[in-house]
Amino acid sequence: MTAKTPRLLVTGASGFVGEVVARHFVALGWDVIALGGTRLPAIEGSRSRTLDLLDFPKVTELFAQEKPDFVFHGAGATSIGACQNNPSATEALNVGVTRHLLHLTTGRLLFCSTDLVFEGTEAPYDEKSTPKPLHEYGSQKLTAELDVLGTPRGVVIRLPLVLGQPGKWGSSALTWMVDALKQQKPVNLFHDEWRSPVWVEDVARACEVIFTTAKDTVPQPAIYHAAGADRLNRVEMGEMACRAFGLDASLIRPLSRLDVPGGEQRARDVSLKNNQLAALGWKPTPMDEAMTRCAAIWPAPTTRK
Ligand SMILES: NC(=O)c1ccc[n+]([C@@H]2O[C@H](COP(=O)([O-])OP(=O)(O)OC[C@H]3O[C@@H](n4cnc5c(N)ncnc54)[C@H](OP(=O)(O)O)[C@@H]3O)[C@@H](O)[C@H]2O)c1
C-alpha cells in the first residue's frame with residue numbers, strides 16, 4: 001500500500017516566510033495549498049489562491065473541502081506599528097483568525113510566533129522561559145500562542161529576525177539594507193539591539209522537522225525556537241552582509257535604538273536558544289555562510305515587487 005501524500009495548507013504564502021516554506025514542501029512532493037490574502041502566491045507546483053482569512057464562512061468551506069493534514073499558519077499583522085496603532089483590527093487577525101483555524105484543523109497546526117514575546121532583559125531565552133511582551137504585537141502573538149498550546153493539535157514556532165533572499169512579494173530586513181548599500185546610500189543600524197537571526201531556508205527545514213516528528217514525541221510545551229547560529233547586533237549583521245555581497249561597510253552608521261522615537265519599545269536582546277529543534281537534529285546555517293549563499297541567488301530588483 002502506498003502512503004498518502006501529505007496535504008499542507010500554508011497561510012501567508014504571499015509573504016516572505018510562507019513563500020519559502022510552501023516551495024520547500026512542494027519540493028518534498030507534498031500537496032501544498034498556498035494561500036495569499038490579497039496577493040496571489042507565485043509557487044509553481046502548489047495550488048495557489050487568495051482568501052481573506054477574516055472571511056470565516058469561506059475559510060470554513062475551504063477546510064471542509066480540502067481537509068489539510070497540516071497547517072503552517074504564517075499569515076498575520078506583522079508590523080509592530082500597525083498593531084500598536086490599530087489593536088482591535090490586528091488582534092482580529094493575529095488572535096481571532098488563529099482561533100478559527102485551530103477550531104477547523106483536524107491535523108496539526110504550526111503557528112508562527114516571534115522572539116518579541118520576550119521583554120529583552122534576560123536573554124538568551126529558551127522554550128521554557130517566561131514571556132513578557134513589551135508591546136501590542138508581542139502581546140497578540142502571546143495570546144494566540146496560549147490558544148495554540150491549549151489544544152493537542154497546536155504547535156508554536158517562535159521565529160527570530162528572519163533573513164534571506166527576497167521572494168516574489170515578500171522581503172526581509174536584508175533587502176532594504178543590501179539595496180541601499182548597493183546604491184552607495186548610508187544605512188543607520190543599531191549597535192545595541194541583539195537578535196539570533198535565522199536564514200529563511202532554515203525555517204522551512206525546521207517546519208519539515210516539526211511536521212514529520214511523531215505527535216506523541218512533541219515536547220511540552222509544544223514550542224520550538226528557530227534560533228540562528230549567531231547572536232548578532234544590527235551593525236554586525238550589516239557588516240556581515242557587506243562581506244558577503246562585496247559592499248562598502250563604511251556606509252554603516254551605528255546608532256542607539258534609544259536615539260529613535262519609540263526606541264524604548266524595542267527589545268534590547270531577544271536572542272533565543274534552539275534546544276528543542278537541536279534535539280531533533282536541526283542545525284541552522286551560520287549567518288555569514290547563509291548571507292554568502294543569499295548573495296549567490298539574489299534576484300534582480302526587476303523580478304520582485
Ligand atoms: N519575518 C520575520 O523576521 C518574522 C520574525 C518573527 C515572526 N514572524 C512571523 O512569521 C510570520 C510570517 O512573517 P512574514 O515576514 O513572512 O510576513 P509578511 O511577509 O508580512 O506576510 C504576511 C502575510 O499575511 C497575509 N495576510 C495578512 N492579512 C491577511 C488576511 N486578512 N487574510 C489572508 N492573509 C493575510 C499576507 O497576505 P497578502 O499580503 O497577500 O494580503 C501575507 O502573505 C508572521 O506571523 C510573523 O509575525 C516573522
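Helices (DSSP runs of H or I, at least four residues) and strands (runs of E, at least two) are numbered here from the N terminus. With those names in hand, select Pro221, which is found in the loop between α7 (200-211) and β11 (223-225). The peptide bond that joins Gln220 and Pro221 is cis, with omega about 0°.

Before going on, note that this is a predicted model, in which local features need pLDDT of at least 70, side-chain atom pairs count only at pLDDT 80 or more, and totals for chains, interfaces and linings use all residues. Residues are numbered from 1 along each chain as its sequence is written, and side-chain values use heavy atoms, with hydrogens and water left out.

**Another cis peptide bond**

Go to Pro124, in the loop between β5 and α5. Ala123 and Pro124 are joined by a cis peptide bond, again with omega about 0°.

**The ligand**

The shell holds 26 residues, and the closest are Ser14, Val17, Arg39, Thr78 and Tyr137. Which elements each supply at least two residues of this shell? They are α1 (16-27), β5 (108-114) and α5 (136-149). β5 gives the most, with three residues.

Colour the shell by class, with Ala, Val, Leu, Ile, Met, Phe, Trp, Tyr, Cys and Pro as nonpolar, Asp, Glu, Lys and Arg as charged, and the others, Gly among them, as polar. The count is twelve nonpolar, eleven polar and three charged residues.

Next, look at the oxygen atoms of the ligand. A polar side-chain atom of Tyr137 lies 2.7 Å from one oxygen atom of the ligand. For Thr78, a polar side-chain atom is 2.8 Å from an oxygen atom of the ligand. Gly74 contributes through its backbone: an N or O atom there lies 3.1 Å from a ligand oxygen atom. The ligand taken alone exposes 900 Å², and the protein buries 84% of that; these areas come from the Shrake-Rupley method with a 1.4 Å probe.

**His73**

Move to His73, in strand β4 (residues 70-73). Is His73 buried or exposed? His73 counts as buried because its relative accessibility is 1%; buried means under 20% relative accessible area, exposed over 50%, and partly exposed in between (1.4 Å probe, protein chains only). The His73 side chain makes a polar contact with the side chain of Thr11 at 2.8 Å. Such a contact is a pair of N or O atoms within 3.5 Å; within protein, one must be able to donate a hydrogen and the other to accept it, and residues adjacent in sequence count only if both atoms are side-chain atoms.

**Gly81**

Select Gly81 in helix α3 (residues 80-85). At 34% relative accessibility, Gly81 counts as partly exposed.

**Positive phi**

Lys67 lies in the loop between α2 (56-66) and β4. Its phi is near 45°, a positive value in a residue other than glycine. Lys67 is exposed, since its relative accessible area is 57%.

End at Gln184, in the loop between α6 (173-182) and β8 (187-190). Gln184 is not a glycine, yet its phi is positive at about 60°. At 55% relative accessibility, Gln184 counts as exposed.

Terms used: Near = heavy atom within 4 Å.
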